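Subject: Structure handover

Hello,

Here is the structure I said I would pass on. Please open it next to this email and follow along as you read.

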Amino acid sequence: MKKICFFNSSKNWGGGEKWHFETAKILWEKGYEIIVLGNINSELIKRCREVGIEVKEIKISNKSFLNLLTVYKVCKFFYQEKISTVIANLPIDMKILSISGLFVKIDKKIYRRGSAIPIKKNFFNKLCLGKLIDEIIVNSYETKNTVIKNMKLSMLDDKITVIHNYFDFEIYENELYEEIQIKRENKLIIGNLARLSKQKGQSNFIEIAKYLKNKNIKFKIYLAGIGELEDELSKQIKHEKLENEIVLLGFIKNVKLFLEKIDVFAFTSVWEGFGYSLVEAMYSNKPIVAYDISSNPEVLEGYLGAKLVKIYDNKNFAEQILEVNEMKEKLKNKKIGEEFVKKKFDKKKLLMKLLEFFN
């Protein structure tokens with residue numbers, strides 16, 4: 001059987017790592033020969049080991065494609081393991097894979113891109129994507145557009161396949177119980193679930209909270225996640241005297257329980273390749289407010305419980321939170337979001353499309 005390698009050098013856990021882990025695990029359970037190549041002590045490697053997936057660790061940094069020793073180690077690994085297909089995650093992984101393919105025979109070199117940021121136009125990127133990479137998988141049409149935008153390569157369009165992130169209902173429904181400190185207190189409960197970062201835009205909740213507070217709305221905003229914005233955000237909350245209105249929950253494992261405890265899901269990301277937490281919120285039949293940017297309209301299209309607002313128009317964002325909150329009982333009772341997600345992001349249907357790349 002052909003051996004498939006998932007190549008992901010990110011040390012942290014995010015959407016790309018979740019996709020690589022879950023896809024590798026599904027294929028492994030189906031009997032495919034799978035190995036995951038990752039960075040030393042990465043979260044992805046840790047989780048793969050826990051379930052029994054074969055792994056290989058190599059120290060990789062942003063400039064590793066210029067490091068002959070690192071490239072040699074990767075080439076040696078591909079050769080010794082007789083890898084036939086490689087799915088790369090980060091741009092650095094894609095570059096190392098492209099170079100390795102010049103020295104080691106790899107039947108199929110795939111770049112899976114989940115970030116809706118235009119790729120830098122330079123000779124090396126054009127060479128890798130135009131000549132050295134065989135297929136490109138993207139998670140949305142918006143991500144596809146950002147891949148093509150700066151490259152201006154006629155052959156790229158034929159190389160790119162859009163496969164939305166699938167939603168695994170079984171994993172979601174069977175998450176382990178976790179105590180989450182959210183109190184009802186007869187208040188409007190607003191939730192956000194994302195890495196605390198500039199991309200995810202949680203600083204916008206300061207302005208949203210101030211508007212709601214000035215309107216004498218009884219509310220509480222719970223931000224679930226950790227990240228580089230945490231200290232800055234904490235200082236902003238204290239400076240604006242919003243400690244009673246905005247709570248930093250930290251990292252949570254049980255997404256389902258978190259979503260069950262909130263009234264409205266507020267998504268402040270300023271760009272997204274594919275907002276996976278939007279799908280989780282829809283499946284939980286929650287009203288959603290998000291910025292009208294990147295792939296958000298694509299992911300939310302057709303969902304009755306969603307409102308999109310102009311980016312950074314936080315007054316309107318707050319007003320839309322109040323408006324969609326009126327829909328929460330209807331969404332919950334009729335399971336509108338759950339049925340919507342099952343039709344649009346069905347795991348079996350999207351996996352069939354994905355398996356075409358490995359057969």
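Predicted model: local features only at pLDDT ≥ 70, side-chain atom pairs only at ≥ 80, totals over all residues.

Residues are numbered from 1 along each chain as its sequence is written, and side-chain values use heavy atoms, with hydrogens and water left out.

An open sheet is built from 7 strands in the order 3-2-1-4-5-6-7, with parallel pairing. Here strands (E, at least two residues) and helices (H or I, at least four residues) are DSSP runs numbered from the N terminus, and two strands pair if DSSP finds at least two bridges between them. Strand 3 (54–57) and strand 7 (160–162) are at the edges with a single partner strand each, so one side of each has no neighbour in the sheet. From one strand to the next, the twist averages 25 degrees. For angles, axes are lines fitted to C-alpha atoms, for helices over the stretch in contact, and the values run from 0 to 180 degrees between N-to-C directions.

Strand 1 (residues 3–8) and strand 2 (residues 33–38) run parallel and are joined by 6 bridges. The bridge partner of Cys5 in strand 2 is Ile35, and Phe7 stands opposite Leu37. Strand 1 is largely enclosed by the rest of the structure, because 6 of its 6 residues are buried. Buried means under 20% relative accessible area, exposed over 50%, and partly exposed in between (1.4 Å probe, protein chains only). Lys3, Cys5 and Phe7 point one way from strand 1, and Ile4, Phe6 and Asn8 point the other way.

Strand 8 (residues 188–193) pairs in the parallel sense with strand 11 (residues 264–267) over 2 bridges, and Ile190 has Val264 as its bridge partner in strand 11. Strand 8 also pairs with strand 9, in the parallel sense, over 6 bridges; there, Gly191 has Tyr222 as its bridge partner.

Helices

Contact means heavy atoms within 4.5 Å.

In helix 16 (residues 336–344), the buried residues are Ile336, Gly337, Glu338, Phe340 and Val341. They pack against helix 8, helix 12 (276–283), helix 13 (296–300) and helix 15.

On a 1 Å grid over the protein atoms alone, a cavity is a set of points where a 1.4 Å probe fits but cannot get out, and a pocket is an open set with protein on both sides within 12 Å along at least five of seven lines; lining residues have an atom within 4 Å of a point. Grid points are joined across faces, edges and corners, and a volume is the space filled by probe spheres set on the points.

The whole structure has 1 cavity of 30 Å³ or more, and the largest cavity has a volume of about 60 Å³. Its lining is made of Gly15, Lys18, Trp19, Glu22, Asn165, Tyr166 and Tyr276.

The second largest pocket holds about 340 Å³ of space. It is lined by 17 residues, and the closest to its centre are Glu260, Ser284, Asn285, Lys286 and Lys332.

One residue

Leu350 lies in helix 17 (residues 347–355) and counts as buried because its relative accessibility is 8%. Not counting residues up to four places away in sequence, Leu350 touches Ile163, His164, Asn165, Tyr166 and Phe345.

Regards
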